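Open the model in your viewer and keep the selection panel at hand. This tour goes stop by stop.

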Amino acid sequence: MATDKGKYDYELGLRPATYDDVHTVLSWRNEPATIRNMKTKRPLAFEEHEPWFKKTISDPTCQFLIIEADGEPIGQLRYNLEDDKAKVSTNITEAWHGRGVASRAFVAGSKHVKKTGFADVIFARVLQSNIGSIRAMQKAGYTIDDDMEYEGEPHYYMSHDLTQVEV
Ligand SMILES: CC(C)(COP(=O)(O)OP(=O)(O)OC[C@H]1O[C@@H](n2cnc3c(N)ncnc32)[C@H](O)[C@@H]1OP(=O)(O)O)[C@@H](O)C(=O)NCCC(=O)NCCS
């Protein structure tokens with residue numbers, strides 16, 4: 001779908017998730033670094049994950065993408081429509097953290113959301129302790145619009161207006 005090599009030593013791609021990704025997506029979700037930043041702070045069982053995954057990959061209000069590096073799946077990037085805006089969430093397998101994957105995936109994802117006419121604005125409520133996510137979003141053009149308590153923890157409301165994004 002989307003690729004972008006630039007100054008990096010791997011090619012980043014995005015493609016739609018399919019049922020074949022069900023186990024891989026669960027294994028990423030259950031890595032400790034992801035659990036720390038999730039609302040449900042425990043590993044999920046396959047029996048909980050599978051019905052959700054099946055529903056979500058065929059939900060027209062969701063764009064569920066797999067992030068690939070040189071064709072190998074390394075993370076997921078999801079956009080869910082809420083009041084005409086796309087709420088973004090992502091997680092990347094730990095071995096790939098700190099190599100620019102999230103920043104690049106957010107850029108490619110924004111182009112994809114715009115090109116497909118899915119939404120004009122992307123947003124997220126990000127835990128203020130999640131520095132990696134905040135930095136990656138800012139590098140991809142998101143701004144911090146608000147500082148808020150959400151579900152009992154300090155969050156930033158971040159958004160990306162796609163008007164100026166070139167596709
Ligand atoms: C948060 C996450 C998506 C970041 O992905 P990533 O591919 O490692 O991010 P990048 O490599 O693009 O890093 C972006 C910037 O943040 C910095 N950064 C990344 N992780 C960091 C951390 N833990 N602490 C401080 N800075 C960090 C990077 O150095 C980079 O800054 P730079 O370009 O100035 O050097 C990834 O760590 C992850 O999947 N975490 C678990 C799930 C999660 O938190 N998801 C987000 C909730 S929506």
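**Stop 1: the ligand.** Select the shell around the ligand. Helix α2 (32-35), strand β5 (85-92), helix α4 (101-115) and helix α5 (131-139) each supply at least two residues to this shell. Helices here are DSSP runs of H or I with at least four residues, strands are runs of E with at least two, and both are numbered from the N terminus. Colour α5: with six residues, α5 gives the largest share of the shell.

Before going on, two notes on the model. Residues are numbered from 1 along each chain as its sequence is written. The model is predicted: local features need pLDDT of at least 70, side-chain atom pairs count only at pLDDT 80 or more, and totals for chains, interfaces and linings use all residues.

Which residues come nearest to the ligand? Select N37, A102, S103, G132 and R135; they come nearest among the 22 residues around the ligand. A residue is near a molecule if its C-beta atom, placed from the backbone, lies within 6 Å of it. Now colour the shell by class. There are seven nonpolar, twelve polar and three charged residues. Ala, Val, Leu, Ile, Met, Phe, Trp, Tyr, Cys and Pro count as nonpolar; Asp, Glu, Lys and Arg count as charged; the others, Gly among them, count as polar.

**Stop 2: the whole chain.** Zoom out. The chain has five helices and eight strands. Trace them from the N terminus: β-β-α-α-α-β-β-β-α-β-α-β-β. The radius of gyration is 15 Å, close to the 15 Å that the globule rule gives for 167 residues, so the chain is as compact as a globular protein of that length. This radius is taken over C-alpha atoms, and the rule is 2.2 Å times the number of residues to the power 0.38. Along its principal axes, the C-alpha trace spans about 40 × 40 × 30 Å.

Stop 3: Select α4. Is α4 largely enclosed or largely in the open? Eleven of its 15 residues are buried, so α4 is largely enclosed by the rest of the structure. Buried means 20 or more other C-beta atoms within 10 Å of the residue's own; exposed means 12 or fewer, and partly exposed lies in between, with C-beta atoms placed from the backbone. Among the buried residues of α4 are V101, A102, A105 and F106.

Now select α3 (residues 46-57). Of its twelve residues, the number buried is one, so α3 lies largely in the open.

**Stop 4: the core.** Select I67, V101, A105 and M137. They have the most contacts inside the largest nonpolar core, which has 32 residues. Such a core is a set of buried Ala, Val, Leu, Ile, Met, Phe, Trp, Tyr and Cys residues joined through C-beta atoms within 7 Å. Helix α4 gives the most to this core, with six residues.

Stay on I67. Leaving aside residues up to four places away in sequence, I67 touches L12, L14, I74, G75, Q76, L77, I92, V101 and A105. Contact means C-beta atoms, placed from the backbone, within 7 Å.

**Stop 5: two loops.** Select D70, in the loop between β3 (62-69) and β4 (72-82). D70 is not a glycine, yet its phi is positive, about 45 degrees. D70 counts as exposed, with 11 C-beta neighbours inside 10 Å.

Finish at D83, in the loop between β4 and β5. D83 also is not a glycine, and its phi is positive at about 50 degrees. D83 is exposed, with 8 other C-beta atoms within 10 Å.

Technical notes:
Two residues are in contact if their C-beta atoms, placed from the backbone, lie within 7 Å.
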